[in-house]
Amino acid sequence: MNLARRRALLFAVGGSALLTAGCMTKPLRPANTDGTYCFRIGKSYRPKLTCAPTPIPSESIEADAKRFEPAPGKLTVYLVRKRWGDGRNVVRVDSGGTSAVDTVPESFARWRLPAGSHRLAVTWPEGSATFDIAGAAGEVVFVEVIGSVWVWGSTYRLERGDAAESRQRAMSLRLVADVG
């Protein structure tokens, strides 16, 4: 085997090993001792934390939520929050008639609502936005919380998510709220 071929083969093997190592998902950060969950920004000795204000559900409830099954007689809404430009702020989503859901970056929530039409309102420290959804009893709807955070401010919006993509995105996230 000549030297050029050997180098090309080593480059191909090394490159593929490097790429596959980058595709590994990082383990989920455990809950704090008080039951709350914090999203960590940075790897320094002084990381910035964005923490959920209430304790998160147990791991067994999270495993149940990740089956993405409908609730009989209710509209099941999954709020998925995972975007590369969203690394700060506790964002509250409210439907007006039930308990509000607080999300942190890279998290998801399961929300069981009465069947019918609902106006969801997302609020964050700098503003708010609304989004209308409708669904029948026994239906599962995915809503993406899409945010971008910059030095000069942040914006958020809600958008109906594709079921397959939202499920895949939620599998690597922490459940921070299970309401209904």
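What follows is a short briefing on salt bridges and on the parts of the chain that they join.

This is a predicted model, in which local features need pLDDT of at least 70 and side-chain atom pairs count only at pLDDT 80 or more, while totals for chains, interfaces and linings use all residues. Residues are numbered from 1 along each chain as its sequence is written, and side-chain values use heavy atoms, with hydrogens and water left out.

**Overall count**
- With a salt bridge taken as a side-chain nitrogen of Lys or Arg within 4 Å of a carboxyl oxygen of Asp or Glu, the count comes to 12.
- D64, R67, R110, R112 and D178 are joined in a network of such bridges.

**Pairs around E144**
- E144 and R83 form a salt bridge at 3.5 Å, N to O; because E144 lies in strand 9 (residues 140-150) and R83 in the loop between strand 3 (75-81) and strand 4 (91-94), the pair ties together parts 61 residues apart in sequence (strands are DSSP runs of E, at least two residues, and helices runs of H or I, at least four, numbered from the N terminus).
- R169 also meets E144 in a salt bridge, at 2.8 Å, N to O, and this pair links helix 3 (residues 163-171), which holds R169, with strand 9, 25 residues apart.
- E144 is buried, with a relative accessible area of 2%, whereas R83 at 28% is partly exposed, as is R169 at 21% (buried means under 20%, exposed over 50%, partly exposed in between, with a 1.4 Å probe and protein chains only).

**The pair R160 and E139**
- R160 forms a salt bridge with E139, their closest N and O atoms being 3.8 Å apart.
- R160 lies in strand 10 (residues 153-160) and E139 in the loop between strand 8 (127-135) and strand 9, so this pair ties together parts 21 residues apart in sequence.
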